[in-house]
Amino acid sequence: MKVRSSVFASFILILEGIGVALFLRGFFPVPLKSSVSSKNKLSDLPVEPLTGSSPNSSRLPQPLFKRVVIMLVDALREDFVFGPNGRMIKALTTGTIPGFIDVVMNLNSPALLEDNLIWQAKTAGKRMVFYGDDTWVRLFPKHFMEHDGTTSFFVSDTRSTLKRDDWDILILHYLGLDHIGHISGPHSSLIQPKLMEMDDILKKIHSALISKAQGDICVFWAVAAPYVLPVHSLNEAEGSLPYLLVLCGDHGMSETGSHGGSSEPEINTPLVLLSPAFKRKAGMEKPGVVEQVDLPPTLALGLGLPISLNSVGRVIPGVLEETSLRDQLRFLHLNGHQLSCLLKDSVPDYEKEAGFEQFRVAEKAHGSWMKLFLEGNSSEVLSNMGKKVLKQYVEALAAMSSALSKQLGKYDMYSMIAGMVFVFQLLLVLLLAMPEALSGDAAVELPVLSALLSLPFYLMCLLLASVHVLVCTSAESSCYFCSLSWGLVFAAVAFSSAMFCILISLVTRRLPLGARIHGKSPLRSIGSEWSLSELDVLLLAGTVGHTLSLAASSFVEEEHQTWYFLLNTLCLAVFQDVCRKYFREQRGTGDEEESILPSKDCHPSPKAEIYSEKWLALATPPFTLLCCRLLRSLNQTGVQWAHLPDMGHWLNSSEHRTVLSLLAAFCLVFIYLLVQRRCSWVSKVALALGLLGVYSYRAAVGNVLFPWQHSGRTTSK
């Protein structure tokens, strides 16, 4: 079957798009969405559990806090607070876990339309003020009573705002620490002064809040999602509510100063809550661990707001310790009801989830406890029963939150594999058909009919159909490919089988498996359209292997290790080819072998020239290996070993700045000598001035020194 090149290319392009779409459908988890209204409302909240015929109460506990100040320090690592020395905004406001697609969406930061804490606060009439990263202003347009967004280091002075009484929520997002981390890493000399600056700002905010509320202060610490309660009670005026000061980070910082990976310094951030509502405990306890998504439901309940519909977090129990037992149970019940509804809408077999069943049991026990409580029972039995129900709620919330979080990070592996198989089959067909497509006829001969009438086609159809049935009947979670109709599935199975048979036909036609001709490999047989040397095979295999290695995040982070291995292998292969050319035994005039080096058979060279050429060719691969090894020692890259000392660290240290200056000057002069030989005098002057400008810039920023400078002198900002 002959097909024109344009038609063939269009056909391949369309099918490639379908394969990529199928892969992306499996790679990006479907976000958890509640089936009820798009936003949660106070009128939608469940009534308080009560056993018996008495009407249930819709009573809501009193808010815990009157004012909340959220101080968000970008890239604040856990050890910056507890150590010896958006799309994260989405997780901090909606209570949902950002996915890979949020990385793409974060580039434009459109308005956040799903249910979130900021929307709930605005709907409830809370007056909000924001200063800092302007991503918040783009995510929440028209939500803030007053705002000043910035993309740089500085946040507006908030002292005047703190003295006013016309706000309920104040959000401050500081970017300076993140900028320093990206430039020079977490061990930079600039980190400590910036942390001291943040500490001073925190003290000023804290002092301003204390001046508005008479009494002692208490502190609630937490990590990374942490928390610990060291705290002291405050006798507030009757009927007034305390404030809450939140110090947190949206993400951490790797050893290279970046973020977005899965290392501990990147995912662990401190969470510090300060309020007179917490009871001080003797001594400082070791911080516990909570999830970042636990902060939105905690703040929502603390402010008397509904929890966001799609939140997967659970309220932090320590925040509720000083409230009455009835209020604690009610808070946990509200959180549990929201999580159970989301679990129903997101997990097909939600009834099999342990957390869902635990919540139902706890809810019934809560109803029995409420009946005894309203009857006036005040015995110790009631107290013990309430504590038991409280424990059941906490365990149920933890189980449901964990199940929902796993659902958000679960990939549809079957759809991903099916999509990759389609894509690779089409790429191989395109590769094998390329010579014909680019020929003068501009047509491709595809053995479609012979493939469809062959026995392997039907065997492949049976095999793939069996695999599909086996996967779809044994998979624990639903797969998108399994949800398709049998007609579409059969078409996909038939297409994949046909492509496999076409590939086999093209391979046998392009790369005939004949006997060796003149001692050459079948891949280089006379009469075949392609001629692949051993070096070509090595390059092709290395490229394919490196491409496949990028499917793993660890290889993406350490991609350079694969390149080091492939480059060393290539140098050794070239060295072997050189040795074979110059030192193989001559077996006759017809025993010529193709080499990657330029041949001079047509014009024989003098012996001296051949001798120098031979040793130059032999010395080049080992010299290249030596240079590669020096480059590897010059600068540690990646994530795992970036913090280890190397030549770059040694040269950049203040004690060796003179050595770095001499080396930089020598290299710039060497570059000039290599380039200027074929330049006009105008180009030579321009080149010299440009290289001098490069050195001057490096000297101006303090990397190198001018001859009249001393190595101990520090460069002014």
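At what angle do helix H24 and helix H25 pack, and how far apart are their axes? The views below take up this question and others on a predicted model.

**View 1. Helices H24 and H25 pack at an angle of about 165 degrees.** H24 covers residues 657-675, and H25 covers residues 681-700. Their axes are 10 Å apart. Angles over 145 degrees count as roughly antiparallel, so H24 is roughly antiparallel to H25. The crossing of the two helices is right-handed. On the H24 side, the contact is made by Ser661, Ala664, Ala665, Leu668, Ile671, Tyr672 and Val675. H25 brings Lys684, Leu687, Ala688, Leu691, Val694 and Tyr695. Sorted by class, this contact has 11 nonpolar residues, one polar and one charged.

**View 2. Helices H12 and H13 cross at roughly 150 degrees.** H12 spans residues 325-346 and H13 spans residues 354-374. Their axes come within 10 Å. With the cut-off for roughly antiparallel set at over 145 degrees, H12 counts as roughly antiparallel to H13. This crossing is left-handed. From H12, the residues that meet H13 include Leu325, Arg326, His333, Gly336 and Lys344. Among their partners in H13 are Phe356, Arg360, Glu363, Trp369 and Leu374. The contact divides into nine nonpolar, five polar and five charged residues.

View 3. The unreviewed UniProt entry lists residues 7-28, 413-434, 446-471, 483-507, 658-675 and 687-708 under "transmembrane region". What does the chain look like over two of these spans? Residues 7-28 are 95% helix and 0% strand. The end C-alpha atoms of that span are 32 Å apart. Residues 687-708 are 64% helix and 0% strand. Here the end C-alpha atoms lie 24 Å apart.

**View 4. Val493 sits in helix H18.** The helix runs over residues 486-510. Is Val493 buried or exposed? Its relative accessibility is 8%. Buried means under 20%, so Val493 counts as buried. Beyond its neighbours within four places in sequence, Val493 is in contact with Cys461, Leu464 and Ala465. Leu463 is 30 residues away from Val493 in sequence. In space, the C-alpha atoms of Val493 and Leu463 are 9.3 Å apart.

**View 5. Ala75 has a positive phi.** The angle is about 65 degrees, although Ala75 is not a glycine. Where is Ala75 found? It is in the loop between strand S2 (67-73) and helix H2 (78-82). With a relative accessible area of 0%, Ala75 is buried.

**View 6. Lys142 has a positive phi of about 65 degrees.** Lys142 is not a glycine either. Its place is in the loop between helix H6 (135-139) and strand S4 (146-150). Is Lys142 buried or exposed? Its relative accessibility is 80%, so Lys142 counts as exposed.

**View 7. Glu445 lies in strand S11.** The strand covers residues 443-445. At 29% relative accessibility, Glu445 counts as partly exposed. Which residues does Glu445 touch, leaving out those up to four places away in sequence? They are Met1, Lys2, Glu436, Leu506 and Arg509. Ala433 is 12 residues from Glu445 along the chain. The C-alpha atoms of Glu445 and Ala433 are separated by 8.1 Å.

Notes: Residues are numbered from 1 along each chain as its sequence is written. This is a predicted model: local features need pLDDT of at least 70, side-chain atom pairs count only at pLDDT 80 or more; totals for chains, interfaces and linings use all residues. Side-chain values use heavy atoms; hydrogens and water are left out. Axes are lines fitted to C-alpha atoms, for helices over the stretch in contact, and angles run from 0 to 180 degrees between N-to-C directions. Helices (H or I, at least four residues) and strands (E, at least two) are DSSP runs, numbered from the N terminus. Angles under 35 degrees count as roughly parallel, over 145 as roughly antiparallel, 65 to 115 as roughly perpendicular and the rest as oblique. A crossing is left-handed if the near helix is turned anticlockwise from the far one by less than a right angle, and right-handed if clockwise. Contact means heavy atoms within 4.5 Å. Ala, Val, Leu, Ile, Met, Phe, Trp, Tyr, Cys and Pro count as nonpolar, Asp, Glu, Lys and Arg as charged, and the others, Gly among them, as polar. UniProt positions are given in the numbering used here, feature names are shortened, and annotations may be inferred rather than shown by experiment. Buried means under 20% relative accessible area, exposed over 50%, partly exposed in between (1.4 Å probe, protein chains only).
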